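Visitor: I have not seen this structure before. Please show me how to read it.

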Amino acid sequence: MTPINLCPCGSNNSYAACCELIIDGKKIAQTAEELMRSRYSAYVAGQIDYLIATTHSSTRKNHHRKDIENWSKSTKWVGLEIVQATDTMVEFKANFEGENNSIETHHEKSTFVLEGGKWYYVDGKFY
Ligand SMILES: [Zn+2]
């Protein structure tokens, strides 16, 4: 895997000083949006364990490791746009390269829950 310099989440910080700290467990995501950003970066970085670990236990069974891995690896992510965020919801657009260099968008409104001091992804509504 090629090293990542600028954080994929669009913060304009280096990856090492941004989402990588959260993905490596050196820092805890303070908000649903921070967790969501780190999960986007984890998709880019292929951090499958982190994606599974941050999915809430109630919905984890719906997410198969192989599917996450395939999606992460086969997709060329090109940017994240936060549309709106509340305490427990983040609406975002994750852009990726489609056929013939077109840009496709994964538009989702995700729900998060705080449990035991940690944020978890519960589920999402897709547009
Ligand atoms: Zn980041």
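**Reading a helix and a sheet**

Guide: Y50 has its place in helix α3, residues 48–53. Helices (H or I, at least four residues) and strands (E, at least two) are DSSP runs, numbered from the N terminus. This is a predicted model, in which local features need pLDDT of at least 70, side-chain atom pairs count only at pLDDT 80 or more, and totals for chains, interfaces and linings use all residues. Residues are numbered from 1 along each chain as its sequence is written.

Visitor: Is Y50 buried or exposed?

Guide: A residue is buried if 20 or more other C-beta atoms lie within 10 Å of its own, exposed if 12 or fewer, and partly exposed in between, with C-beta atoms placed from the backbone. Y50 has 20 other C-beta atoms within 10 Å, so Y50 is buried.

Visitor: Which residues does Y50 touch?

Guide: Two residues are in contact if their C-beta atoms, placed from the backbone, lie within 7 Å. Leaving out residues up to four places away in sequence, Y50 touches I23 and A42. The C-alpha atoms of Y50 and R39 are separated by 7.7 Å, and these residues are 11 apart along the chain.

Visitor: What is the reach of helix α2 from its first C-alpha to its last?

Guide: The expected span of a helix is 1.5 Å times one less than its number of residues. Helix α2, residues 32–45, has 14 residues and reaches 20 Å, close to the 20 Å expected. After α2 comes G46, with a positive phi near 70°.

Visitor: Why is α2 described as largely enclosed by the rest of the structure?

Guide: The description holds because 14 of the 14 residues of α2 are buried.

Visitor: In what order do the strands of the sheet run?

Guide: Two strands pair if DSSP finds at least two bridges between them. Here 4 strands form an open sheet, ordered β1-β2-β3-β4, with antiparallel pairing. The edge strands, β1 (77–85) and β4 (118–126), each pair on one side only.

Visitor: How does α2 lie relative to the strands?

Guide: Axes are lines fitted to C-alpha atoms, for helices over the stretch in contact, and angles run from 0 to 180 degrees between N-to-C directions. α2 lies across β1, β2, β3 and β4, at about 165° to β1.

Visitor: How many bridges join β2 and β3?

Guide: β2 (residues 89–97) and β3 (residues 103–115) pair over 9 bridges. Among them, E91 is partnered by K109, and V90 by S110. In a regular strand the side chains alternate between the two faces of the sheet.
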